[in-house]
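Please open the structure in a viewer and keep the selection panel at hand.

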Amino acid sequence: MLPRKSPCHKKLVTESDGDRMADRLMCSELSQVGTVKEIEMNRHIEVPFLEASAASLRAGDCVYLTGILYTARDAAHKRMYEALERNESLPFDIRDGVIYYMGPSPARPGRVIGSAGPTTSSRMDKYAPILLDMGLKGMIGKGRRSQGVKDAVKRNGAVYFAAVGGAGALLSRSIVGAEVIAYEDLGTEAVRRLKVREFPVIVVADAEGNDLYDTAAQRYCREATVDCMNIGGAISQT
Amino acid sequence: MRIINVDLVVSAIKEMCIEANHFLSQDMKDAIEEAAKKEESVVGRQILEQLQENLNIAKQEMIPICQDTGMAVIFMEIGQDVHFEGGFLEDAIHEGVRQGYGEGYLRKSVVGNPILRKNTGDNTPAIIHYSIVPGDQVHITVAPKGFGSENMSRIFMLKPSDGIEGVKNAVLTAVKDAGPNACPPMVVGVGIGGTFEKCALMAKRALSRPIDKRSEDSGMRELEEELLERINRSGIGPGGLGGTVTALAVNIDSYPTHIAGLPVAVNICCHVNRHATRSL
């Protein structure tokens, strides 16, 4: 088994070891970049979300998620969308839930999961607003979202998180359980129910309409030919 | 003439698929370490340190560096004095990928028909590029390519009058549009000249050049250095969360082209710029 962090995350909140200090530094820096006044750092949140807790998160917040996530990426979203078009139900209860855009590599024997980092979220932009309107409260991925998704996040008091792309081995350590619950034939793209402990994410888009990617690059942009307000702009139009 | 049994090709490619997905080459590791020292953003440094930790976990626990273990891109440089026996070479290459992705617990990310999109279940077929070279050896490079960054890659069919400024704008535009989606810090492979497909292939091949090795052409070398500096002034930073290290290197290859054209391909790779090389 992989080494695990303390199961008591309340204890971890008060710890002041090196890692936690670094995390605080990280978030305080982001708070200077963001447009939001009150940034709560290193929040530990239970998922599925309790009442209105998603809406209280702000762009730049560093959050540790503990509880249940559901994985779904391109093919699973297409199937869920088609199921809704046929007036069928979704394979899991999305109300107050969080979808992680992720397709893992296979688990070695004795392991819970393989490498498990985020995939690019914009490919799910077509499908996300309807799920948010049905009660989905959180999404984890990487990269920019369309205005349509951000509007749906805002009107539903939801949240879009980024996890560190390309850190799949590291992120797998925060996943303590995984089972396929739907669309098994899709292989890595099947819907999985993940049990996570202290899964590290950063709030990118929040219920006030803030988008961390809009502001983060500006602080370091020194190149006149690059429109720093529109980083990643061309691919997020859907 | 030298005779090589294709079974050797199967086992070499199998091992290289596993190796490339778990161990990053030293030039890449050095570049990430260097980036973590010079990144001005605290957030950026934190992310770069996490990427280093990720590489250590991948190596020690044999977990792929990234869950997207890619489509297997394979460069076969075959000495013209080599004769293969024991089966069809191309079948052997696909078999090596099949075994590597199966036995290595790597993700199967390939769909058969791009419209119908049914997973082939074994990550085949591979993308194979052959070239015939002098001698009696076979040089194989296995470069698994993830699609977060592949999707952000571009081809620009510029006009000759666009000139070097057009080339620079093309590269900067591709990087800017990629932004956080391509998992920065990136490595940027650029192909200039040739035809539509030739410039794309050069851009891909350029990604497997060691990133601490600059172009041998002095003009291209200057272009690589200028573009890297300007990309790193974009502010995109590690993870797209702001910073001074957006790319680790710009690798450019070029080739003669037609009097009417100036093709430019930009193949973006994430910080997991994987490749394994072996000679038979």
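A salt bridge is a side-chain nitrogen of Lys or Arg within 4 Å of a carboxyl oxygen of Asp or Glu. This is a predicted model, in which local features need pLDDT of at least 70, side-chain atom pairs count only at pLDDT 80 or more, and totals for chains, interfaces and linings use all residues. Residues are numbered from 1 along each chain as its sequence is written, chains are lettered from A and ligands numbered from 1 in the order in which they are written, and side-chain values use heavy atoms, with hydrogens and water left out.

**First stop: a salt bridge in chain B**

Select Glu77(B) and Arg205(B). These two residues form a salt bridge whose closest N and O atoms are 2.9 Å apart. The pair links distant parts of the chain, since Glu77(B) belongs to strand 2 of chain B and Arg205(B) to helix 7 (residues 196-206) of chain B, 128 residues apart. Helices (H or I, at least four residues) and strands (E, at least two) are DSSP runs, numbered from the N terminus. Glu77(B) counts as partly exposed at 23% relative accessibility, and Arg205(B) is partly exposed with a relative accessible area of 27%. Buried here means under 20% relative accessible area, exposed over 50%, and partly exposed in between (1.4 Å probe, protein chains only).

Two strands pair if DSSP finds at least two bridges between them. Axes are lines fitted to C-alpha atoms, for helices over the stretch in contact, and angles run from 0 to 180 degrees between N-to-C directions.

Now select strand 5 (residues 138-145) of chain B, which runs antiparallel to strand 10 of chain B and is joined to it by four bridges. Thr141(B) stands opposite Thr277(B) in strand 10 of chain B. Contact means heavy atoms within 4.5 Å.

Display strands 6, 9, 7 and 8 of chain B. They form an open sheet of four strands in the order 6-9-7-8, with mixed pairing. Strand 6 (154-158) and strand 8 (247-257) of chain B are its edge strands, each pairing on one side only. Within the sheet, strand 7 (residues 186-194) and strand 9 (residues 262-269) of chain B pair in the antiparallel sense over six bridges. Select Val188(B) to find Ile268(B), in strand 9 of chain B, opposite. Helix 8 (residues 218-232) of chain B packs on the sheet and touches strand 7 and strand 8 of chain B. The direction of helix 8 makes about 140° with that of strand 8 of chain B.

How many salt bridges does the structure hold over all chains? There are 34. One is formed by Asp68(B) and Arg107(B), with the closest N and O atoms 3.5 Å apart.

Next, select Glu95(B) and Arg98(B), whose side chains meet in a salt bridge (2.5 Å, N to O). Both residues lie in helix 4 of chain B, three residues apart, about one turn of the helix. Glu95(B) counts as partly exposed at 27% relative accessibility, as does Arg98(B) at 32%.

**Last stop: chain A**

Display chain A, whose secondary structure comes to seven helices and seven strands. Of its 238 residues, 60% count as buried.
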